[in-house]
Amino acid sequence: MENILETISAKLIKGESIEELTQEALDKGISPKDILTKSLLEGMTRAGEMFKEKTLTMYDVLESAKNMEKSVKILKPLLKDEDIVKKGKILTASVQGDFHDIGKNLCILMLESNGFQVIDMGVDVPQEKIEECIKKESPNILMLSAMIAPTMEVMKMTIEYLREKGVTENLKIMVGGAPLTEETAKSMGAAYSADAVSAVEVAEKLLNI
């Protein structure tokens with residue numbers, strides 16, 4: 001059992017397809033939970049560590065995440081609710097006026113691969129809609145994206161609006177995008193995520209995981 005789980009994990013780190021091995025592991029009687037936790041999640045965790053060590057590129061890690069997503073689709077119908085790792089719920093959006101979503105979508109891929117539930121509101125999302133969705137979904141984290149300087153200002157105003165409306169009391173906020181820095185995020189009272197891999201680390205830190 002350990003050999004095939006280790007093989008799946010190793011191939012995942014290399015960015016290789018693991019769908020057939022995932023099915024093979026199931027056919028051998030290995031539980032979906034063990035495949036998920038002892039192989040897929042461990043492999044993605046190691047891939048993230050290797051990115052920080054600069055032995056894998058962002059492209060490599062994202063390939064791993066895409067392959068993991070395909071295997072999770074095989075496992076999902078077989079997993080019980082208690083088997084699924086639930087680290088927290090994240091609500092994400094590109095702020096009003098910003099139509100960029102590549103960076104946001106990569107963050108979603110990485111976060112979901114690491115056990116977070118992500119609700120994506122899409123692009124060009126007005127502050128009122130974000131407020132409404134926070135009230136409806138009660139997320140643990142709000143993740144906002146802005147890829148150009150003018151929408152970074154919109155991001156600031158959006159966060160101020162949400163605070164004035166009183167919907168951020170029990171909510172952690174993380175932000176990311178090309179014009180942002182650690183300092184600008186701090187000035188908004190938010191945590192800063194530089195890329196898709198660090199988004200996982202930032203989210204875990206915010207929730208003390």
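**Salt bridges and a charged patch**

Glu63 comes out as partly exposed, since its relative accessibility is 22%. In this predicted model, Glu63 pairs up with Lys66 in a salt bridge, with 3.7 Å from N to O. Lys66 is partly exposed too, at 39% relative accessibility. Both partners sit in helix α4 (residues 58-75), and because they are 3 residues apart there, about one helical turn separates them.

That pair is part of a total of 11 salt bridges. Another joins Lys11 to Glu16, whose closest N and O atoms are 3.0 Å apart. Lys11 counts as partly exposed at 30% relative accessibility, and Glu16 does so at 31%.

Elsewhere, salt bridges tie Arg46, Glu49 and Glu53 into a network.

Glu19, Glu20, Glu24 and Asp27 make up a negative surface patch. Of these, Glu19 lies in helix α2 (residues 19-27) and is partly exposed, with 33% relative accessibility.

As for annotation, an unreviewed UniProt entry marks residues 87-209 as "domain: B12-binding". In the model, this span is 46% helix and 20% strand, and its end C-alpha atoms lie 8 Å apart.

How values were computed: Residues are numbered from 1 along each chain as its sequence is written. This is a predicted model: local features need pLDDT of at least 70, side-chain atom pairs count only at pLDDT 80 or more; totals for chains, interfaces and linings use all residues. Side-chain values use heavy atoms; hydrogens and water are left out. Patches are made of residues with over 30% relative accessible area and no salt bridge: like charges are joined within 9 Å, nonpolar side chains (Val, Leu, Ile, Met, Phe, Trp, Tyr) within 5 Å. Accessible areas come from the Shrake-Rupley method with a 1.4 Å probe; for residues, only the protein chains shown count as cover. A salt bridge is a side-chain nitrogen of Lys or Arg within 4 Å of a carboxyl oxygen of Asp or Glu. Lys and Arg count as positive and Asp and Glu as negative; His and the chain ends are not counted. The place of a charge is taken as NZ of Lys, CZ of Arg, CG of Asp or CD of Glu. Helices (H or I, at least four residues) and strands (E, at least two) are DSSP runs, numbered from the N terminus. Buried means under 20% relative accessible area, exposed over 50%, partly exposed in between (1.4 Å probe, protein chains only). UniProt positions are given in the numbering used here, feature names are shortened, and annotations may be inferred rather than shown by experiment.
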